[in-house]
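The structure is shown first.

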There are 2 protein chains.
Amino acid sequence: MNAPAEPSINWQSRRQDKQRRMASLEGIADGPIIPTDSIQAALERLLRSGDKVVLEGNNQKQADFLSRSLGALNPDVINNLHMVMPSVGRPEHLDLFENGVARKLDFSFSGPQSLRIGQLMEDGLLEVGAIHTYIELYARLFVDLNPRVALLAGFKADREGNIYTGPSTEDTPALAEAAAFRDGIVVFQVNEIVDDVSDLPRVDIPASWVDYIVEADQPFFIEPLFTRDPRLITDVHVLMGMMAIRGIYERHQVQSLNHGIGFNTAAIELLLPTYGESLGLKGKICRHWALNPHPTLIPAIESGWVESVHCFGTELGMENYVAARPDVFFTGKDGSLRSNRAFCQLAGQYAVDMFIGSTLQVDGDGNSSTVTRGRLAGFGGAPNMGHDCGGRRHSSPAWLDMKPDDHLLSKGRKLVVQMVETFQDSAKPTLVEELDALAMARDYQMPLAPVMIYASDVTHVLTEEGIAYLYKAQSLEQRRAMIAAVAGVTPIGLKRDPAVTAQLRAEGLVAYPEDLGIRRSDASRDLLAARSIGELERWSGGLYEPPAKFRSW
Amino acid sequence: MNAPAEPSINWQSRRQDKQRRMASLEGIADGPIIPTDSIQAALERLLRSGDKVVLEGNNQKQADFLSRSLGALNPDVINNLHMVMPSVGRPEHLDLFENGVARKLDFSFSGPQSLRIGQLMEDGLLEVGAIHTYIELYARLFVDLNPRVALLAGFKADREGNIYTGPSTEDTPALAEAAAFRDGIVVFQVNEIVDDVSDLPRVDIPASWVDYIVEADQPFFIEPLFTRDPRLITDVHVLMGMMAIRGIYERHQVQSLNHGIGFNTAAIELLLPTYGESLGLKGKICRHWALNPHPTLIPAIESGWVESVHCFGTELGMENYVAARPDVFFTGKDGSLRSNRAFCQLAGQYAVDMFIGSTLQVDGDGNSSTVTRGRLAGFGGAPNMGHDCGGRRHSSPAWLDMKPDDHLLSKGRKLVVQMVETFQDSAKPTLVEELDALAMARDYQMPLAPVMIYASDVTHVLTEEGIAYLYKAQSLEQRRAMIAAVAGVTPIGLKRDPAVTAQLRAEGLVAYPEDLGIRRSDASRDLLAARSIGELERWSGGLYEPPAKFRSW
């Protein structure tokens, strides 16, 4: 036996460091409560330059008061923070980098801030660690991206620090756990502090995980990100939706699924009670969902199509509707939604039959990306839900239907459907020779290109022209011909050979609407169960409360 | 707009059903507390025949009092339960099926009960839904396997129902959340009920997720499942460990990893402070771990090799050691370990460079399984951690080192290493022509064979003969030749052509110890940092308290 080599190691350095930082808040904090107007002084004492800091940027819940307070710190005192953020959605998130308080960024989704991230990188003010899918980022919090401080958001806290997150629990449990259980400092902004735990609707995060709470100067920002106004659904979306239902959902018996957030999939949701009903599919497809509470799902729910919906987060205006449908949604004893992105992403990865979503670019092989020149849009959840999970060991009819042969060592696979119109607008083809993501990778010298979904994971491409059943392709060449056959007049589509396309249709590798028994002339908005937000509200019996921007009636 | 089709749907049927069941406990339960000796009466009222029931069978925490109580119910009253269990490790788990209380089983791991599961299936008493990897089972709880009742275990509760799980938090948060937030009934057995929340070390599960608590008749069963006595590590294990460190960890710069639970990987843990140190690798490899607190990791921790360990569960005897090393382990404010299998499995899937583990059978292509005729052992976590996660979008040096070429659309991959001796014993080769799992699938007419890790995911096979760098194979034929080259005198190994093997070694596709600069004569137990449990205890400064069965000095 060798003697212990370094008996003098201090094994409690993180805990002691935390105690020192917290001790410096004496006179500022009252127990766990930081007064609203003392937040900057508190953050300057709790943080050290270079710290890894989790900041809750989320889809529907923002630690925006903490973010703004962080951005107002003196960069001579606190600088070079390494920010770990699921979603970088707010302008103030990037002010941190502009003023030097932060330097490095690991994130998942940037959305509206994607252009500015690229600019800050070019200006040398922001260094990207990596872009992740959501649960990949959470996973790293427990390995090599563990935070010293977590700045999080909830609806309410009691004076002990028990947290009610509200219906947007979202990423909070994962972010809080990673900090709370490795001597990180957990700070929650809340809209309201109540006296006693019994005054909270429920406890989502126990006080023993929380160090500080602060009442925000105003309730956190929230917007209806996933509300799609049915007025903007076109006849083409309806046609594509009919093809999806007939040529994919019905054919493969898709019982559990995730939908993207585009108008295409909103059209499918609104076709289930009409076109789907006419096909006799109720109770046979689309029973279990991993999905935010999309308003366009209301008619399908009200018509009895939907057995369960587990949610990543919430959707503004859907609070009362969700609370009134507890058989369908996951809710707490208080009646409000309990969302959880980690578990919903796991559901979308491991438990559902299908992921179907849109994208901005697809190449001739079937790789796709939402990155366009200069815009680092991030990934969100798509890479996780849009890949065939190699760890899956249970089967379902749809999953088994993807088996290439009957060999016992052959597996089924998840259906990963890319549903795109061949053109974004008259000038921008969706199907392209090379993804902009590759140029981006070359420009920024990234170790791998920001591809959203890889060709090897895609089982179907669906355009307004037809469906390519890629999982049946016997070769890369055949796969390319199948994609070209549904690529319209894009550069990819123009290369196709009509004789080959006819052969692919004859063999069932490609299906056009008429091959599925769908008449293009039937594809009309009249088929939608609701054609406006107002009709969605009426379907809900007034429970859905559309945000002002959607109230056009 | 179509009118709502079924305005008379009752959307609160689950909640009302829960209320009815709970109302029937009036006179039995005192608030959330069920008296110990009333548990059977309570379960008979809370359950309905055919219910989906989650029962916490875990590695280190068992709802065994609840399980025994369930097994004692009258099957004329409660029968045909559909059990959802991560781990089916206790004999009483299967008594449920023998007496007819339960009928269907969805599970992940069965271990010692694997033979009896097969027998019960043959007797027509038990129907297997599916066998899952752990987080796959959790994922289904939020989709199509949502439970009506969850029977869980913790160390302590207060009288409100706040739960301290103890250091084995394990699966509990996932199981509790799935039931608590869809009007399921959550029942916790605890070893002790304390008066007030302030009497709990910490709160792991808030009372607002919990319906009932019951003090168990005795503390739940726990055993040191993952303790490997260094006395049983052989010179061959040491040789294989040296090859792993030299030919894999050092070569690919493996910084974050999961280890299996065999003696092979225990040998690696004990070689880091000696052989690894002599190679100058400290701080360069093996910095972050997703791993239970293996006692054989103590010397590496004490020597300063290990920056962090996130744990699935705990290990009996390691409580005080873990509590004294909070810089390394994830602990709560109370000082005790916080484990969490869902997040640790996510870490092992999405965030680590490498999975390395042993198995019982490997075929000539590299598929592996722990199933042998008649034994349905289950999967545990290996399929999740032992596959290349297609959703990963961040890179690391080791991951990038697996890239097949420099194309921007090529990805890196996780290192998945199968580390096996060519024979299990003199009669049983590990490398076989066909996995027993295939015969099993045929016998039981399973929709897919119970394969633990598929060949397409395996990057390296390491035997006492050498390392096959399978990720470099250019064809299936070459891959097979590489495996044969390290397969010794098994049926697979005997087929190899010495000239081909020489060529594979020359090209660096296969490495024998001498190719790695390792002399077989150096591979001795003397190299182990600890050669007994007693030496591990001394490394720990007396903090590690070996269970009685390991106290042989």
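## Contact between the chains

Four salt bridges are counted between chain A and chain B. The structure is a predicted model. A:Lys333 forms a salt bridge with B:Asp211, and the closest N and O atoms of this pair are 3.3 Å apart. Polar contacts between chain A and chain B amount to 40 residue pairs, with both residues at pLDDT 80 or more. On the side of chain A that touches chain B, helix α12 of chain A (residues 341-351) gives the most, with seven residues. That side of chain A consists of 54 nonpolar, 28 polar and 30 charged residues.

In the contact between the two chains, chain A takes part with 112 residues and chain B with 113 residues. About 9200 Å² is buried between chain A and chain B, and carbon and sulfur atoms give 60% of this area.

## Domains of chain A

Chain A is divided into domain 1, covering residues 42-215, and domain 2, covering residues 230-537. A distance of 32 Å separates the C-alpha centres of domain 1 and domain 2 of chain A. Where these domains of chain A meet, 32 residues of domain 1 are in contact with 30 residues of domain 2. The area buried between domain 1 and domain 2 of chain A is about 2400 Å², with carbon and sulfur atoms giving 55% of it. Of the area that domain 1 of chain A buries against domain 2 of chain A, 23% is supplied by A:Ile131, A:Ile135 and A:Pro167, more than by any other three residues.

Four salt bridges are counted between domain 1 and domain 2 of chain A. A:Asp204 forms a salt bridge with A:Arg338, with 2.7 Å between the closest N and O atoms. The two domains of chain A also have 23 residue pairs in polar contact, both residues being at pLDDT 80 or more. On the side of domain 1 of chain A that touches domain 2 of chain A, the elements giving two or more residues are β4 (102-109), α5 (114-122), β5 (127-131) and α6 (134-141) of chain A. α5(A) gives the most to this side of domain 1, with six residues. By class, this side of domain 1 of chain A has 14 nonpolar, 13 polar and five charged residues.

A:Thr227 lies in the loop between β9 (212-215) and α8 (235-252) of chain A. A:Thr227 counts as buried because its relative accessibility is 3%, under the cut-off of 20%. A polar contact of 2.6 Å links the side chain of A:Thr227 to the side chain of A:Glu315. Apart from neighbours within four places in sequence, the residues in contact with A:Thr227 are A:Pro295, A:Glu315, A:Ile533, A:Tyr544 and A:Phe550.

## Surroundings of A:Leu360

A:Leu360 is placed in the loop between β13 (354-357) and β14 (361-363) of chain A. With a relative accessible area of 33%, A:Leu360 is partly exposed. Beyond neighbours within four places in sequence, A:Leu360 is in contact with A:Ser369, A:Thr370, A:Thr372, A:Gln424 and A:Thr430. The C-alpha atom of A:Leu360 is separated by 23 Å from that of A:Glu477, and these residues are 117 residues apart along the chain.

Notes:
Residues numbered from 1 in each chain as written. Chains lettered and ligands numbered in written order. Predicted model: local features only at pLDDT ≥ 70, side-chain atom pairs only at ≥ 80, totals over all residues. Heavy atoms only, no water. Domains from an automatic or database assignment. Contact = heavy atoms within 4.5 Å. Buried area = accessible area lost by both parts, 1.4 Å probe. Salt bridge = Lys/Arg side-chain N within 4 Å of Asp/Glu carboxyl O. Polar contact = N/O pair within 3.5 Å; in protein donor to acceptor, adjacent residues only side chain to side chain. Helix = DSSP H or I, 4+ residues; strand = E, 2+ residues; numbered from the N terminus. Nonpolar A, V, L, I, M, F, W, Y, C, P; charged D, E, K, R; others polar. Buried < 20%, exposed > 50% of the residue type's maximum accessible area, 1.4 Å probe, protein only.
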